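Please look through the following model from its overall fold down to single side chains.

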Amino acid sequence: MSLWQEKVPQLWKTSCVVPVPKISRPSDFNHYRPVALTAHLAKTLERLVLHHLRSLVGPSADPLQFAYRPGIGVEDAVIFLTQRSLSHLERCGTTVRIMFYDFSSAFKTIKPDLLRDKLDRAGVHVSMAPGL
């Protein structure tokens, strides 16, 4: 019904933030990591939509995108960059500069209208992106 109406119930948009200790004996606020617990139905819908989105957008995804792809992670990105850098350095007189960016909070500032337009151009029907 959520997909059919193209709306996400307000209850599914709320979460309970639980502080999880980073170390065995936390003594400061910085020793906790906030974890947001969301509704099971919301997580189920997210997985269904993600599965469908991957099949639609996957063929046009950048092959050098390492995040949010099944079976691929940070280690793969590091291995790729290391191999690429070492191959380049085998040539005499070359140098390599690598810069890492942390986009861990990037999606907190995402603009839903821009995302909706990009998904539309990728052929994803708006009903598959509830809440946008």
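**A helix, its faces and its surroundings**

At 45% relative accessibility, E46 counts as partly exposed, where buried means under 20% relative accessible area, exposed over 50% and partly exposed in between, computed with a 1.4 Å probe and protein chains only. The model is a predicted one, in which local features need pLDDT of at least 70 and side-chain atom pairs count only at pLDDT 80 or more, while totals for chains, interfaces and linings use all residues. Residues are numbered from 1 along each chain as its sequence is written, and side-chain values use heavy atoms, with hydrogens and water left out.

E46 takes part in a salt bridge with K43, the side chains meeting at 3.6 Å, N to O; a salt bridge here is a side-chain nitrogen of Lys or Arg within 4 Å of a carboxyl oxygen of Asp or Glu. Side chains of opposite charge can pair when their charged atoms come close. K43 and E46 both belong to helix α3, where three residues, about one turn of the helix, separate them. The structure holds one salt bridge.

The helix that carries this pair, α3, covers residues 40–57, and its 18 residues should span 26 Å at 1.5 Å a residue, which agrees with the 25 Å between its end C-alpha atoms; the expected span is 1.5 Å times one less than the number of residues. The buried residues of α3 are A42, L45, V49 and L53. Seen down the axis of α3, these buried residues fall within an arc of 65°, so they line one face of the helix, the arc being that of the directions from the helix axis to the C-beta atoms. On the other side of α3, H40, R47, L48, H51 and S55 are exposed. The buried residues of α3 pack against α1 (2–5), α2 (10–13) and α5 (112–121), contact being defined as heavy atoms within 4.5 Å.

These elements belong to a protein chain with five helices and two strands, arranged along the sequence in the pattern α-α-β-β-α-α-α. Helices (H or I, at least four residues) and strands (E, at least two) are DSSP runs, numbered from the N terminus. Of the 132 residues in the protein chain, 11% are buried. The protein chain exposes about 11,400 Å², of which carbon and sulfur atoms supply 61%, with areas taken from the Shrake-Rupley method. Among contacts in the protein chain between residues at least 6 apart in sequence, 33% join residues at least 24 apart.

Helix α4 (residues 74–89) includes V78, which counts as partly exposed because its relative accessibility is 38%. Between V78 and F66, which are twelve residues apart in sequence, the C-alpha to C-alpha distance is 9.8 Å. S85 also has its place in helix α4, but S85 is buried, with a relative accessible area of 12%. Leaving aside neighbours within four places in sequence, S85 is in contact with V96 and I98.

How many disulfides does the structure hold? The structure holds zero disulfides, a disulfide being a pair of cysteine sulfur atoms within 2.5 Å. C16 counts as partly exposed at 46% relative accessibility, whereas C92 is exposed, with a relative accessible area of 82%.

How values were computed
Areas by Shrake-Rupley, 256 points an atom, 1.4 Å probe, with all protein chains shown as cover.
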